[in-house]
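Open the model in your viewer and show the whole chain as a cartoon. The stops below begin with the chain as a whole and then move to single side chains.

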Amino acid sequence: MSEAKIIGLFGVSQTDISIYLTSIIQNMAFITAHCDNSYEGASEYCIPDPGGDLSVINYKNVDYYRLVSDISSISGYDFVVVDFGVWPDMAALRTCDEIFLCLDPSISLLKKYKKYLTLLERPVDVIVRGFLPDMVASKKIEHILTDENPFVTSFSVLNLTEEDEVMRIGMQYGHYKGFTGISREMEKVLVGMCRRVTEKKDSVILSAFRRARKGECA
């Protein structure tokens, strides 16, 4: 049984965020793993594959796993960050210590995930990315998700920016090397996530963030 703190991310286009978060946590000198349990498997294209039949790939002092049926079997780490994909099994999500939902502003997704969260019955932090201020008020999006839904513990909005999309897609073609160039909004979201999951002082988080942004590792 794993004694690691398990951080779960699910929804739409969260793989880049999960890798950034993992890198920052590792730069706080925590023993850290990342597991891609999504159908899409985007992290496979972000992390260099040394070849061979390997169950785990170490890159920048992080162990990267793929499709592990029992997350609690990943042992020997302080933190395990899991990308669960679009519609994960609720029982698997309930093993997590912290849960983040990432989605776009499509009203169909908002309503479907709201129903999912009420059935999950676990505290979830929501990140809406790809937001354009002129199309709808962020408060309206927040209301759709939180009305009669006590399980949304925080709500963040990421505007659609060229910087974040270039980084998100680019790393799938050229591998993850760091995240210098992401938007200020993305920086704030990542620091906020680190505050929540590590409970470290801001000075420690910001130092780790700066190192991870440059592609460094502890």
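## The whole chain

Of the 218 residues of the protein chain, 51% count as buried, where buried means under 20% relative accessible area, exposed over 50% and partly exposed in between (1.4 Å probe, protein chains only). This is a predicted model, in which local features need pLDDT of at least 70 and side-chain atom pairs count only at pLDDT 80 or more, while totals for chains, interfaces and linings use all residues. Residues are numbered from 1 along each chain as its sequence is written, and side-chain values use heavy atoms, with hydrogens and water left out.

Colour by secondary structure: the protein chain has eight helices and eight strands. These are DSSP runs, numbered from the N terminus (helices: H or I, at least four residues; strands: E, at least two).

## Salt bridges

Side chains of opposite charge can pair when their charged atoms come close. The structure holds 12 salt bridges, each a side-chain nitrogen of Lys or Arg within 4 Å of a carboxyl oxygen of Asp or Glu.

Select D36 and R66, whose side chains form a salt bridge at 3.6 Å, N to O. D36 sits in strand β2 (residues 32–36) and R66 in strand β4 (residues 62–66), so the pair links distant parts of the chain, 30 residues apart. Is D36 buried or exposed? D36 is buried, with a relative accessible area of 0%, whereas R66 is partly exposed at 25%.

Next, select R196 and D125, another salt bridge, with the closest N and O atoms 2.8 Å apart. Because R196 lies in helix α7 (residues 184–198) and D125 in strand β7 (residues 124–131), this pair ties together parts that are 71 residues apart in sequence. R196 counts as partly exposed at 35% relative accessibility, and D125 as buried at 3%.

Then select K139 and E142, a salt bridge whose closest N and O atoms are 3.7 Å apart. Both belong to helix α5 (residues 138–146), and being three residues apart there, they are separated by about one helical turn. K139 is exposed, at 62% relative accessibility, and E142 is partly exposed, at 25%.
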